Amino acid sequence: MSKPDDPDNAADMTEAEAANELMRLAKAIAKHDQLYHAEDAPEITDQEYDALVRRNRELEDTFPHLVRADSPSAKVGHEVAGSPLSKVAHEVRMMSLENAFDREEVEEWVQRVARYLALDEASGIAITAEDKIDGLSCSLRYEGGELVRAATRGDGQVGEDVTPNVRHIADIPQSLPDGVPDIFEVRGEVYMSRADFAALNAAQAEAGGKLFANPRNAAAGSLRQKDASVTAQRPLRFWAYGWGAASDAVCETQYEMMRRIEEWGFPVSPFLKLADSVDAMIAHYEKIGRRRPDLPYEIDGVVYKVDRLDWQKRLGAVGKAPRWALAHKFPAERAETTLEAIDIQVGRTGKLTPVGRLAPVLVGGVTVTNVTLHNRDEIVRLGVRPGDRVVIQRAGDVIPQVVENLTPGEKRESFTFPDHCPECGSEAVSQEGEVDVRCTGGLICPAQRTQRLEHFVSRKALDIDGFGSKTIAQFFALGWLESPADIFRLKHRREDILALEGWQDKSVDNLLAAVENRREPDAARLLFGLGIRHVGEVTARDLLRHFHTLPALREVAEKARGGDEEAAGELTAIDGIGSAVVEALGDFFHEPHNVAVWEDLLGEVSPPRFEIETLASPVAGKTVVFTGKLETMSRDEAKAQAQRLGAKAAGSVSAKTDLLVAGPGAGSKLKKAEELGIEVVDEAGWADIVRQAG
Ligand code: ZN
C-alpha cells in the first residue's frame with residue numbers, strides 16, 4: 001500500500017482521480033504562489049514547491065485533455081512567455097558575449113578585430129577591461145532625463161517590464177542631470193552582494209521560506225516580482241556597463257562614455273581600465289582574479305571591449321554576439337561526488353549520449369545531479385564506471401562535466417558502451433573518423449522520430465501548443481505521425497483522437513486549432529524545425545534573409561551540391577554561413593526521403609515570403625560584388641555592410657549583379673561588369689553609399 005505522500009504512478013490512475021488531484025494541485029500552487037510572490041511569506045520550501053509543480057506537469061502530460069483553464073503550468077517558469085510581467089521590446093538588442101578561457105583565445109580575438117578592421121597590426125588597439133559581475137542584465141530608459149522604463153534582458157529582443165521594481169533600487173537615479181541626450185538607455189547588472197545574500201537566506205530559513213541557490217538567483221527572483229513592494233524589501237544594487245538606444249552621440253570611446261555615465265550618477269566597475277596590449281589586458285585580468293575571493297560581490301570573468309565607438313560600429317555582430325567585445329572567464333568551480341549510474345540517451349540525430357547520474361553535490365552554490373559524459377571515447381579516457389568517485393566542474397551555464405576519476409584503479413568491471421540502440425535495438429555504430437556513436441535505425445527508431453517531431457513543434461520552431469511528448473509518442477505509436485506534414489492532417493483524425501481514452505471535444509478542438517494556426521508559418525522557424533544539421537535558429541534566419549523563400553534556398557543548395565561554384569559562392573557569401581552549412585544543406589536535399597518529407601510538408605503549409613525590415617538604402621534588394629583590394633576595410637566587413645543595407649553580397653559577376661565595388665587590382669570581374677553595363681564604383685564610392693544610408 002502506498003503512503004499518502006507517495007504519489008500514485010500517473011499511468012495507473014483513473015481519469016476521475018487525476019482530475020481531482022489536478023484540481024487540488026492548482027489550488028495549492030496558487031496559494032503558495034500568492035504567499036511567496038505577493039506576501040513574501042512562503043510556508044513551504046523551494047523543494048516542496050518544485051515537487052508540487054513537477055507532479056502537476058506529470059499528470060498533465062499523462063492526461064493532456066484534463067489540463068485546467070487555470071493550470072499552474074501556464075504560470076511558472078522564468079521565460080518571458082510565462083511571466084506575469086508585461087513584455088517590452090528592446091529598441092537596440094541586448095547582446096550576449098562570446099567567451100574566452102585562456103590567453104591564446106584572447107590573443108586570437110584581438111587579431112580577429114585587427115584583421116576585420118584591416119589594421120596593419122593588432123598592437124595599439126585600445127581595449128577597455130572591467131570585471132563582469134554575476135547578476136541580471138537590465139536596460140534603463142530615460143526620456144527628457146527621467147527614468148521611464150526598465151526592462152530585463154529576456155531573450156535580448158524582448159524583455160520584461162520591471163519599471164516599478166527598479167524604482168526601489170537606490171543605485172539607480174530616477175532623473176539625470178542636464179546634458180544627457182533626450183533619449184538614453186543605460187545598461188547594467190542588477191545584483192546582490194554576498195553579505196546581503198547570506199542575510200536574506202538566513203532570514204528566509206528562519207521563516208521556513210524558499211532559499212536561493214546563489215546571489216544571482218536571489219537578485220533575479222527579487223527583481224522579477226509582480227508586486228514591487230517585495231522588491232523594495234530586498235537589498236538590490238546596480239552597476240552600469242554600457243548603454244543601448246541614444247538620441248545623440250556623446251563621446252567617441254567606450255571609456256569616456258562610461259566615465260560620463262558615472263558622472264550622471266551610476267555606479268560603474270571600480271576596475272574599469274584602458275589597456276593597449278594583450279599583456280596589459282592579461283595583467284589586469286590576473287589582478288582582478290587575485291582580488292576575486294575578497295570582493296563583496298560575485299564575478300565570473302573580465303569583459304574586454306574595443307574602445308573606439310566607430311570601430312565598434314564597423315565591427316557589428318555575429319548572431320547574438322558583438323565582434324567588439326569578449327568575456328574572459330575565470331576557471332570553473334569544482335567538487336567531488338559519486339557517479340551512481342550511466343544512462344544512454346538517444347537524440348534526434350540518433351546520437352547516443354551517455355549521461356552520468358550523480359549523488360547530488362553543491363558546486364558554486366548550485367546543486368548538480370547530472371553530468372554529460374559526451375561520448376564513448378570520453379568514458380574510456382576517464383575510465384569511469386558506476387560507483388567511482390569523480391571530480392566534476394561547472395563553468396557558467398555550461399552543462400557540468402567530469403574532469404577526473406579519483407578511483408580508476410579499483411577492481412570493478414569497466415562500463416560497456418552499448419553497440420545497440422537502447423530505444424529501437426538497431427545496431428549503433430560510429431562512422432570512420434567520428435567519435436559519436438549513432439543509432440542506424442533512422443526511420444524505424446522511435447526515439448529519433450519522436451524527438452524530431454518534438455523539435456518541430458517546439459517553442460523556437462513551429463511553436464504549436466498542446467503537443468506534449470506523451471501525445472507525440474502516442475500518436476506516433478498509432479501510426480498517425482510519420483512526418484511533420486502528418487501534424488497538419490490530424491484534422492482528418494478528429495473522430496479517432498476523440499475515441500482515445502482521455503480526449504474530449506474541447507481538448508481535440510484546441511489541439512487542431514493550434515495546428516491550423518500554423519498553416520502560414522514563419523519560413524525561418526519552419527527551416528529550423530526540420531532539424532537539418534548545422535542549421536540552427538540564427539543560421540535559418542540568415543539563410544532566409546538572403547533567399548526569402550524555401551524553394552529559392554533549395555534550388556541554390558542543390559546546385560551547390562552538384563558542383564556549381566557560383567551557387568556555393570552565393571551561400572558562403574552570406575555573413576555567418578560556412579562550408580559546413582553548405583555541405584549539410586546539400587546532403588539534406590540529396591537524400592530522397594528528406595525531399596519527400598520537404599515536399600509533403602510544403603504541400604500542407606504556405607510560409608509567407610520572409611522579410612526583415614532593413615534600412616531604406618540605395619542598395620536594398622540589390623546584388624553587390626566586391627573585387628580587387630579594399631584598403632580601409634576587410635572583405636568580411638564590406639559584405640556585412642552590404643547585408644546590413646539590405647543588399648546581397650555575391651561572389652561573381654553575372655547579369656543579376658547590380659553594382660560592382662572595384663578596388664585596385666580588379667581584373668576579370670571588372671572587365672565582365674563593364675561588358676554587361678553594370679554600375680561600377682570604387683571603395684570611396686561604396687563608403688559614400690554606406691554613409692548615405694546612415
Ligand atoms: Zn534507435
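Okay, let's start with the sheet: four strands make an open sheet, ordered β22-β21-β23-β24, and the pairing is parallel. On the edges sit β22 (648–650) and β24 (679–681), each of which pairs on one side only. Neighbouring strands here are turned against each other by 30 degrees on average, ignoring direction.

Quick housekeeping. This is a predicted model, where local features need pLDDT of at least 70, side-chain atom pairs count only at pLDDT 80 or more, and totals for chains, interfaces and linings use all residues. Residues are numbered from 1 along each chain as its sequence is written, and side-chain values use heavy atoms, with hydrogens and water left out.

On terms: helices (H or I, at least four residues) and strands (E, at least two) are DSSP runs numbered from the N terminus. Two strands pair if DSSP finds at least two bridges between them. Axes are lines fitted to C-alpha atoms, for helices over the stretch in contact, with angles from 0 to 180 degrees between N-to-C directions.

Back to the sheet. β21 (residues 623–627) and β23 (residues 659–662) pair in the parallel sense over four bridges, and T627 stands opposite A662 in β23. Lying across β21 and β22 is helix α23 (residues 635–644), which runs at about 165 degrees to β21.

There's an antiparallel pair to look at as well: β4 (residues 136–143) with β5 (residues 146–152), over six bridges. L140 stands opposite A150 in β5. That hairpin has two residues between the strands, and G144 takes a positive phi near 55 degrees.

Now the zinc. Which atoms are the protein donors? They're the SG atoms of C421, C424, C439 and C445, at 2.2 to 2.4 Å from the ion. A donor, by the way, is an N, O or S atom within 2.8 Å of the metal (3.2 Å for Na, K and Ca); water is not among the atoms, so sites may look incomplete. Along the chain, the spacing reads C-x2-C-x14-C-x5-C. C424 lies in the loop between β18 (401–405) and β19 (428–429), and C445 in the one between β20 (438–439) and α12 (446–457), so this pair ties together parts 21 residues apart in sequence. The angles subtended by the four donor atoms are 96 to 120 degrees, so the arrangement is tetrahedral (for four donors, all angles between 85 and 135 degrees).

Are those two cysteines buried or exposed? C445 is buried, at 0% relative accessible area, while C424 is partly exposed at 22%. The cut-offs are under 20% for buried and over 50% for exposed, with partly exposed in between (1.4 Å probe, protein chains only).

On to helix packing. α18 (residues 537–547) and α19 cross at roughly 95 degrees, with axes coming within 9 Å, so they're roughly perpendicular, a label that covers 65 to 115 degrees. L543, L544 and F547 of α18 make the contact with L550, A552, L553 and V556 of α19; contact means heavy atoms within 4.5 Å. α19 (residues 550–561) also packs with α21 (residues 579–590), at about 100 degrees and with axes 8 Å apart.

Last one: R489. This arginine lies in the loop between α14 (484–487) and α15 (494–499), and at 26% relative accessibility R489 counts as partly exposed. What does R489 touch, not counting residues up to four places away in sequence? D600 and E604.

Methods. Tetrahedral: all angles 85-135°; square planar, octahedral: opposite > 155°, others 65-115°. Parallel < 35°, antiparallel > 145°, perpendicular 65-115°, else oblique.
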